[in-house]
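Hi everyone, thanks for having me. Please bring up the structure on your screens, and we'll walk through a few places in it together.

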Amino acid sequence: MSLGDDLSVSERTEMPPPALSPWLRAQIKATMWVESDSDLEQLVASIGEQLGGASLALYRFVQRSGRWQLRRVLEHCAGGESRSEHFPDNLGPDSDLFSTLSTSKLPVTVQHRLLPTRCRSITAQHSSELSGVLLAESTALEAASDADLHRLATQLLGTWQRLREQEKLRRHGNTLHQLFACTRESFAQWSRDRGWEYHNSHLLHRLGYAPEIMPLENVFGSPRAIDDANWTRLSRLLEDCIDRGHDLDCDYQVAAPDGSLHIFWTRLRVLEEDDEGRANAVAAVSVDITESKEVEADAESHSELDTWLLARNSELFDRCDKAAIEDTLSALGQRLSLIRCFIRIYKSDKAPVYAEWQKEGVTPISKLNPDVNLRQPRRARPSYTTDIESEIGLQALLPFARRAGTRAQMIIPMSHDGTIHGYLVCQDSGVRHWTALEKRAARVLADTLCMVLVKENLRQKLLASQDQFQLALTAASYGVWEFNILEQTIYLSPTYYQMLGYGADKATGFRPLTLDNVYYEDRRTLKGYARALSDGSTTDFACESRHIASNGDVRWMLMRGRTIKWDDTGKPLRAMGTTTDITALKSAQLDLQLARKEAESAHLAKSEFLARMSHEIRTPMNAIIGMAYLALQSPLSPEQRSYISDINNAAKSLLQIIDDILDFSKIEAGKLVLEDYAFDLREELRNWLAPFELQAKQRGLDFSVDIAPDVPALISGDASRLRQVIVSLLGNAFKFTREGRVAIAVRALSRSDEHPRLGFIVSDTGIGFDPAGIDRLFDPFTQADNSSTRQYGGTGLGLAICRRLVNMMGGDIMVSSQPGLGSTFRVSFQSSPTQQPAAQRDSQRLLRPKRGSLEGSRILLVEDNVVNQRVADGILRRNGLIVTVAGNGAEAIRLLDSATENFDAVLMDIEMPEMDGLEATRAIRRNPRYAQIPIIAMSAHNASQDLRRFIKEGMTDCLPKPIIPDALCRMLERYLASVPL
C-alpha cells in the first residue's frame, strides 16, 4: 500500500505521558553518542530491526522558491531494497500528504504511522510548527505508543541536525585558521589546561620579539615590555575576564626591544564558561594602534583648525568688506604668533598693500614699502622660507628683511579661475619651521580672501553697471518688467510709470496681473502672451499695445520679453523684458501710411491717366497710321509719297514713345505682371526677326542669326516681353549702325531640362560709345552719349525697360562697347519649368485647316469709329478679304444671325456704344454656330492683363491699336491660313 492512497487521519487532543520501553530508551540514549552520519544510519537500521523489520524515512521541512516542501534526509528499508515508491525524495506542497502533515498539530496516523516532530524554530507559515516528519511502515508498530514514537522521531531529527551543525563548525574553524594566517593582527587563546598559546604572532615580530624565545606571559609581564602602571591595570582586567567571565577591551603601551613605545589595543572574549561562570577559555586579538592614535591626535588638531577656519570664512562671507578682511588678518596673526601679515593686490604694474595687521610695536609694511613693482604672474606656487638669511637666492631681500625685522615668512598666492589677483604674506621675527597646520590655515584663508575680494570687485562693477543700465534705460525711455509665472504677478519699473505720467511711488513691487493700465482692446492679446509664457508654448515675444496715461491719453508701448528661468522639469518660472514708448513712432507710421495711400492714389491716378491717354491717343494714331498705309498703297507723286512716309514714320515713333512711357509707368508702380506659358522659341524668333531681315536688305547691312543646336525648342516664360527686349536691342543696333553688320546669337547657358537658362547676344558695328557711360546707359530718360540723342532721337527708356524686364524674368543684361567699333549686349534669360504651349493652353485660340491664302475669307469688322472702319476695311480689302462692317456689338449679332454664309473671323472693337465688344463676344459664343469662330479684339488697351481678360470672356486673341497692317495680316494668317504647330 503506497502513501498516495486515501488518507485516514486520527488526532489526539493530548499527548499521553511517556511510556518508554527499555530498548527504546536505550536507543534514544544512544543518539547522544552519534558522531557521524554512518553512526546515525546504523542506529536507524538497528531501530528498524528492533521494531520488527520496519522501513523508516526521516523528512525535514525546507523552503524552495518561496514554497515549503518535505525533503527526505535519511532512509532505512527492510530487506535492503529501496522503497522510493513509498518514501519519495520530496513531498511538494501540492500533495495531500504534505497538506496533512503541515497542518497537523499532534502526531497523526496515516495508513501506518506518521510521526512528526515539534520544533520552536519552524516558520510561522506552518501553524503546526513542524520541523520534520518520521514515516514508518511496519505491522509491529501498532503496539507502540504515539508518545514513544514521537520521542524517537524528535531525537533522530535532532541528532541529524546536530551532525549538520558540527560539520559547519569544522568548516568554520578551518576558515578561521586560514584567516589567522593571512592577517597582520596577533591572535592568542588561553585555556585553563594549556595557558596562553599563539595562532599567529605578527605584532611580536614587528616589535622585534621572537615568540619561541619570549612567550606571551613574559611579553605581558616583563618590565621591559609593559611598565608597572599599565601592567597593574591590565592584570586587573585579565583577572576580571577570567574569574568573572566578562569580555573586555583595553589599550596599553608596550616597549619594543629598541626602546620605542607602541600602543596596543586588545579585545578579550570569553569562549567557554564553567558551571560557576568562570572562563575556561579566552580568545585575545591584539592590534598595534600607534599610528592611528597619532592620526587621531592630528585629526583633533585639524578639527579644531577647521572649526576656526569655518568661523572666519563665515564672517568673511557675511560681512564681505575690508574691515572683515583686516579682522581675519588679525586673527591669523595672533593664532600663528606672527609679527605681521598683509595682502598685496596686483594693479597695473604695481602691487600695493590692500590690508595688513602687525604685532604691537612692529612697523607696518605699508610704511616700509607701500608699493612693489611686480608683474602679475600667470602661475605661482606658495613659498615657505624658514630663514631668509640662510636661504639661497634671497640675498637681495636681506636689507629690507632686516629693516622689517623678518627672518621667516610664507607667501601664498591668491588665485581665482586661474588668475593670480595678489598674495598673502605671513612673517615672523625668528627662524621658524612652518608646520602643515600653519600652511593649511594660510592657504585656506588666502583662497577665501581672494574670493571675497573678487566678489567685492564684481559687486562694485555690478553696481556701476546697474547705474549705467538704469541711466541708459531712462535716457532711452525703456521700462523693465518681470513676470513671476508661478504666482502670476508682475513687476513694472518706475520708468514705465514715468512714461505714462505717474509718480515714481506707483511702482511698489510685484502686483497681480490685472493689466489695469492697458487699453481694454489690447488686454486679451497681452493675457494670451502671458498664457503662452506660462505653459511654455513660447519663450519670447514682442507685442505692441496701448496703455492709458495718467491724463487719460493713450500711449503706444512695445513690450518685448522672454523666459529666463525654468525648474528641473522644464516648467517656466520667470520671464523678463522691456517696455518702450513708441507713440511717436506709431504716429509717424500713421502719417507714413496716409502719405503712402496718397502716393498710391496719385500713382494710380497717374497710371489711369496714362492708360486713358494711351487709349485716346492710340485711336487717332490708328487712323493716321492706317490712312498713311492706304495712301502709300495708292499712286502718288514722289513728293507726296515722301510726305506721307514721313507722317507714317513719325506716327510709329510717337507710338513707340507712348508704349515705352506706359511700360515704364507700370514697372515703377509694380503693376507689370509677366505671363508664364510654353512657346516655340525658333518659331517666335522667325516672327520677331522678319522685319529686321527686310530692313537689313533695304539698308545693305549684313544681318546674321545663329541659334546653337543645344538650345531647346520649347521653353516657358513671357514670350511677348522677351520679344520686347530682343526687338528693342535689335532696333538700337540697326538705328546706330550705318554700315557693316548686325548679329544675334542664342546659346544654352545651362542644360537643365526643368529650368533651361538661355543667353542672347546682340552685336553690331555701329557708332559704339564710351565705356565710362555704361553706368548711366540703363538710367531712364538718359543715353550714354547725349549727342546721340540729338542725332538719333529717343526717350532713353528702351534700355531701362529692357533691364527691368530681364531682371523680372530672372536674368541680367550686360554690355561692352568701344567708340567707333560697335557694341555687344548679352542677355541671360531664365526659363521656368516647361508648361503647355500657349496655343494649346487657351481653348479659345482655335486654328482652322490650311487654306493657302487670306483671299476670299469673310471678315466681320465691328468698329464704332468711322475713320477706324475705313482704315481696317481698306487694309483688309487690299489683301483680298470680304469685309462686312458693323457699328456696334448688337448690330454685329444681327448680321451674324442673318448671314447666309458663315463668317471666317470677327474683328471686334472693345469700347462701343449700345453693346461693347465683351458683351457681344459672350453672346456670339452662346450660339453653337459660332462657338469656334476666331474673335480677335482690336483695342487700345494693350496690357497683358487686358489680353487675359479678353480671352477669359471668349475672345481668341488681341490686336493692339493702332492697327499695323503687317501685324493684322499675320494675325489673320495665323488663324485662317495656318495649321497648329
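Let's begin at helix α20, which covers residues 798-808. Which of its residues are buried? They are Leu799, Ala800, Ile801, Cys802, Leu805 and Val806. Now look just after α20, where Gly810 takes a positive phi of about 80°. One thing to keep in mind as we go: this is a predicted model.

Next, let's look at a pair of helices. In general, two packed helices are described by the angle between their axes and the distance between the axes. Here we have α17, residues 681-699, and α18, residues 719-735. Their axes come within 10 Å and cross at roughly 10°. Angles under 35 degrees count as roughly parallel, and therefore α17 and α18 are roughly parallel to each other.

Who meets whom? From α17, the residues in the contact include Trp688, Leu689 and Phe692. On the α18 side, you can find Leu722, Ile726, Val727 and Phe734 among them. Sorted by class, the contact of α17 with α18 has 10 nonpolar, 2 polar and 3 charged residues.

Now for the aromatic rings. How many aromatic pairs are there? The count comes to 9. Let me show you two of them. In the pair of Trp481 and Phe541, the ring centres are 6.0 Å apart and the planes stand at 40°, so this pair is tilted. Trp481 belongs to strand β16, residues 478-484, and Phe541 to strand β19, residues 540-548, so the pair ties together parts that are 60 residues apart in sequence. Both Trp481 and Phe541 are buried.

Phe541 also pairs with Tyr529: their ring centres are 4.8 Å apart with planes at 25°, so that pair is stacked. Tyr529 sits in helix α14, residues 520-535, and Phe541 in β19, so here the parts tied together are 12 residues apart in sequence.

Is Tyr529 buried or partly exposed? With 29% relative accessibility, Tyr529 counts as partly exposed, while Phe541, at 12%, counts as buried.

Last stop: charges over rings. Find Trp308, and you'll see Arg335 lying over its face, 5.0 Å from the ring centre. Then go to Tyr384, where the charged end of Lys439 sits over the ring, 4.5 Å from its centre.

Key:
Residues are numbered from 1 along each chain as its sequence is written. This is a predicted model: local features need pLDDT of at least 70, side-chain atom pairs count only at pLDDT 80 or more; totals for chains, interfaces and linings use all residues. Side-chain values use heavy atoms; hydrogens and water are left out. Rings of Phe, Tyr and Trp (its six-membered ring) pair if their centres lie within 6.5 Å; planes under 30 degrees apart count as stacked, over 60 as edge-to-face and the rest as tilted. Helices (H or I, at least four residues) and strands (E, at least two) are DSSP runs, numbered from the N terminus. Buried means under 20% relative accessible area, exposed over 50%, partly exposed in between (1.4 Å probe, protein chains only). A charge sits over a ring if NZ of Lys or CZ of Arg is within 6 Å of the ring centre and within 35 degrees of the ring normal. Axes are lines fitted to C-alpha atoms, for helices over the stretch in contact, and angles run from 0 to 180 degrees between N-to-C directions. Angles under 35 degrees count as roughly parallel, over 145 as roughly antiparallel, 65 to 115 as roughly perpendicular and the rest as oblique. Contact means heavy atoms within 4.5 Å. Ala, Val, Leu, Ile, Met, Phe, Trp, Tyr, Cys and Pro count as nonpolar, Asp, Glu, Lys and Arg as charged, and the others, Gly among them, as polar.
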